[in-house]
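Biologist: Can you walk me through this one? I'd like to start with the pockets and then look at the helices.

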Amino acid sequence: MNTDKKQLNIARNYAKAYFKIAKSQNTCEKFYMDLKSVLEVLRTSNDLKTFLENPVIFQNDKKDVIYKVFGKDFDLQTVNLLNILADNKRFDVLETIFYSYEKLYEEYKNIVRINVTSAIALNSETKERLTKRLETKLN
């Protein structure tokens, strides 16, 4: 198994476990927003991202930083996931975990993503009609 497939499988397993907890607590959307926000923080703070992904830094030091940065504003289960990733030196798959979780969340909520290509820009009325037609066909 090549590294990309292995990483994807690892990320999917984390996402499935996290989603299972979210479903059991009826917090799927909250967990989705938490993960999305964590990624936004890491994208804007390269130093934090590098610190958390560094395999040389002790896990307890990472956990301290995780708690200080995310502990007050995020669900305890999200902080626990981040701590588990730190313990297992898997912070590098966090973005893939998010996309795997997003897929599970969208399936659960019956959300279908559609890209529309048009020769001309669509006005809001046309977009609304198209949305209603697609909702009718897909539901």
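Biologist: Which residues lie nearest the centre of the largest pocket?

Modeller: They are V112, I114, L134, E135 and L138. The lining has 13 residues. Keep in mind that this is a predicted model.

Biologist: What volume does the largest pocket have?

Modeller: About 300 Å³.

Biologist: And how does its lining split by class?

Modeller: The largest pocket is lined by 8 nonpolar, 3 polar and 2 charged residues.

Biologist: Now the second largest pocket. What is its volume?

Modeller: That one comes to about 160 Å³.

Biologist: Which residues line the second largest pocket?

Modeller: Here is the list: L8, R12, A15, K16, T96, Y99, S100, K103, L104 and E107. By class, that lining has 4 nonpolar, 2 polar and 4 charged residues.

Biologist: Which helices supply at least two residues each to the lining of the second largest pocket?

Modeller: α1, residues 3-25, and α6, residues 94-108. The largest share, 6 residues, comes from α6.

Biologist: Then what are the angle and the distance for α2 and α6?

Modeller: Helix α2 covers residues 28-44. Its axis and that of α6 cross at roughly 155° and come within 10 Å. That angle makes α2 roughly antiparallel to α6, because over 145 degrees counts as roughly antiparallel.

Biologist: Is the crossing of α2 and α6 left-handed or right-handed?

Modeller: α2 passes α6 in a left-handed crossing.

Biologist: Which residues of α2 and α6 meet?

Modeller: On the α2 side, they are C28, E29, F31, Y32, L35, K36, V38, L39, L42 and R43. On the α6 side, they are L94, E95, I97, F98, Y99, Y101, E102, Y105 and Y108. The contact of α2 with α6 has 14 nonpolar, no polar and 5 charged residues. Y99 also turns up in the lining of the second largest pocket.

Biologist: Last pair, α4 and α5. How far apart are their axes?

Modeller: 9 Å, at an angle of about 160°. α5 is residues 76-87. α4 and α5 are therefore roughly antiparallel to each other.

Biologist: Left-handed or right-handed?

Modeller: The crossing of α4 and α5 is right-handed. From α4, the contact uses Q59, K62, K63, I66 and F70. From α5, it uses V79, L82, N83, A86 and D87.

Biologist: What classes are in the contact of α4 with α5?

Modeller: 5 nonpolar, 2 polar and 3 charged residues.

Key
Residues are numbered from 1 along each chain as its sequence is written. This is a predicted model: local features need pLDDT of at least 70, side-chain atom pairs count only at pLDDT 80 or more; totals for chains, interfaces and linings use all residues. Side-chain values use heavy atoms; hydrogens and water are left out. On a 1 Å grid over the protein atoms alone, a cavity is a set of points where a 1.4 Å probe fits but cannot get out, and a pocket is an open set with protein on both sides within 12 Å along at least five of seven lines; lining residues have an atom within 4 Å of a point. Grid points are joined across faces, edges and corners, and a volume is the space filled by probe spheres set on the points. Ala, Val, Leu, Ile, Met, Phe, Trp, Tyr, Cys and Pro count as nonpolar, Asp, Glu, Lys and Arg as charged, and the others, Gly among them, as polar. Helices (H or I, at least four residues) and strands (E, at least two) are DSSP runs, numbered from the N terminus. Axes are lines fitted to C-alpha atoms, for helices over the stretch in contact, and angles run from 0 to 180 degrees between N-to-C directions. Angles under 35 degrees count as roughly parallel, over 145 as roughly antiparallel, 65 to 115 as roughly perpendicular and the rest as oblique. A crossing is left-handed if the near helix is turned anticlockwise from the far one by less than a right angle, and right-handed if clockwise. Contact means heavy atoms within 4.5 Å.
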